[in-house]
Amino acid sequence: MAALGRCLLKTKHLQGLGGVQVTRAAGGWNKDWKPGPYPVTPEERAAAARKYGLRLEDYEPYPDDGAGYGDYPKLPIVSAESRDPQRNWDFPEHRRDFGEPIHPDFDMYGLDRVNISGKFRFSTQDQLLSFLAVMATFLGAYYYLDDQKMHRPVLPKQYPQEGVVHYSFEPAE
Amino acid sequence: MGQVYTQFLGEPAVQPDFTKGPTFDPLYGFPEGRKERQMLATPEEMESAQLPLKSRDYCAHLAIQSRACRQRVWPLVYKCGHEKHAYLNCQYEDYVMRMKEYERERRLLERAKRKAAKAAQEEEEE
């Protein structure tokens with residue numbers, strides 16, 4: 001969503017008409033919410049840290065290599081689902097308090113989406129191997145047992161055909 | 001259960017192929033011969049009665065009679081008990097014949113296996 005907003009801000013509408021600018025509410029985006037430029041001096045860093053509600057020692061912007069977010073801080077990725085469900089959050093549906101800085105991809109780490117920071121009983125590799133083992137068992141059983149069918153102890157039904165003689169079990173007279 | 005046990009664990013080597021007919025000579029082992037099965041309904045009769053292909057077996061004549069009776073007396077279908085039972089008894093006999101064929105096939109396979117084992121044993125002794 002943040003990337004979409006940035007992309008929309010960079011497009012140029014109506015290039016022939018000088019001075020006319022078209023603005024749209026792209027997902028409720030507001031130009032005042034755009035991050036500032038990458039902070040270079042220590043004063044700019046302190047100001048940016050205070051703006052985002054972080055301590056100076058916690059503040060770390062994304063590297064300014066053309067793909068960064070300006071002075072937006074690099075926050076640890078914590079999914080909403082792995083946060084304490086019993087704590088009295090200000091926004092329980094996001095498990096977030098008021099004023100807490102938001103990760104740029106926060107819409108991906110919500111309660112109903114990706115849980116990347118959860119500590120599970122079985123690691124991803126364990127889960128994958130268990131799945132593959134079970135599926136291999138099923139497929140192996142199918143593959144080796146498909147030809148061996150249960151049946152009642154009867155031979156196929158005899159239908160009358162041209163040139164084929166069928167016999168009963170009574171003696172010929 | 002017993003059939004499954006015998007088929008896979010008990011004697012898997014001498015089980016007949018249930019998808020194919022008898023592999024041995026049908027008249028072998030019958031000193032008095034065997035009566036041939038008679039097809040009493042002609043193809044024209046079966047076609048005229050629009051009998052399903054599955055039912056065009058050696059009991060087809062009784063199938064046609066049973067259906068004709070039903071068509072005559074419907075909805076008082078209870079009146080067709082004799083024809084219905086004649087047809088079902090014919091089907092039963094046919095199924096019993098299938099079971100006998102399977103058993104005959106199985107016993108002949110066992111006998112063939114015994115003969116092969118005896119021949120191999122005699123070769124060893126030589």
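Analyst: Here is a short tour of a predicted model, one feature at a time. Residues are numbered from 1 along each chain as its sequence is written, and chains are lettered from A and ligands numbered from 1 in the order in which they are written. Because this is a predicted model, local features need pLDDT of at least 70 and side-chain atom pairs count only at pLDDT 80 or more, while totals for chains, interfaces and linings use all residues; side-chain values use heavy atoms, with hydrogens and water left out.

User: Thanks! What does the secondary structure of chain A come to?

Analyst: Helices (H or I, at least four residues) and strands (E, at least two) are DSSP runs, numbered from the N terminus. Chain A has three helices and zero strands, so its elements read α-α-α from the N terminus on.

User: How many of the residues of chain A count as buried, as a percentage?

Analyst: A residue is buried under 20% relative accessible area, exposed over 50% and partly exposed in between (1.4 Å probe, protein chains only). In chain A, 18% of the 173 residues count as buried. Contacts tell you about the fold too: a contact means heavy atoms within 4.5 Å. Among contacts in chain A between residues at least 6 apart in sequence, 39% join residues at least 24 apart.

User: How do I read the interface, and how many residues of chain A are in contact with chain B?

Analyst: Start by counting: 22 residues of chain A are in contact with 37 residues of chain B. Then look at buried area, the accessible area (1.4 Å probe) that two parts lose on being put together, summed over both. Chains A and B bury about 3,000 Å² between them, with 62% of it on carbon and sulfur atoms. Three residues, L155(A), Y167(A) and F169(A), supply 27% of the area that chain A buries against chain B, more than any other three residues.

User: How many salt bridges does the rule find across the interface of chain A and chain B?

Analyst: A salt bridge is a side-chain nitrogen of Lys or Arg within 4 Å of a carboxyl oxygen of Asp or Glu. The rule finds four across this interface. One of them joins K35(B) to E170(A), where the closest N and O atoms are 3.1 Å apart.
A polar contact is a pair of N or O atoms within 3.5 Å; within protein, one must be able to donate a hydrogen and the other to accept it, and residues adjacent in sequence count only if both atoms are side-chain atoms. Across the interface, 15 residue pairs are in polar contact, both residues being at pLDDT 80 or more.

User: Which aromatic pair could I look at, and how is a pair described?

Analyst: A pair of aromatic rings is described by the distance of the centres and the angle of the planes. Rings of Phe, Tyr and Trp (its six-membered ring) pair if their centres lie within 6.5 Å; planes under 30 degrees apart count as stacked, over 60 as edge-to-face and the rest as tilted. The count is four aromatic pairs over all chains. Among them, Y52(A) and Y72(A) are edge-to-face, at 5.1 Å centre to centre with 65° between the planes. Both residues lie in the loop between helix 2 (42–51) and helix 3 (124–145) of chain A, so the pair ties together parts that are 20 residues apart in sequence. Y52(A) is buried at 13% relative accessibility, and Y72(A) is buried at 18%.

User: What does H103(A) touch?

Analyst: H103(A) lies in the loop between helix 2 and helix 3 of chain A and is buried, at 12% relative accessibility. Leaving out residues up to four places away in sequence, H103(A) touches Y62(A), Y72(A), L75(A), P76(A), I77(A) and Y109(A). The C-alpha atoms of H103(A) and P76(A) are 7.8 Å apart, although 27 residues separate the two along the chain. The side chain of H103(A) also reaches the backbone nitrogen of D105(A) at 3.0 Å.

User: Where should I look for backbone features, such as a positive phi or a cis peptide bond?

Analyst: Most residues other than glycine have a negative phi, and most peptide bonds are trans. In this model, R95(A) has a positive phi near 50°; R95(A) sits in the loop between helix 2 and helix 3 of chain A and is buried at 15% relative accessibility. Q50(B) also has a positive phi, of about 55°, but Q50(B) is exposed, with a relative accessible area of 65%. The peptide bond from W74(B) to P75(B) is cis, with omega near 10°, and P75(B) is in the loop between helix 3 (60–73) and helix 4 (81–125) of chain B.
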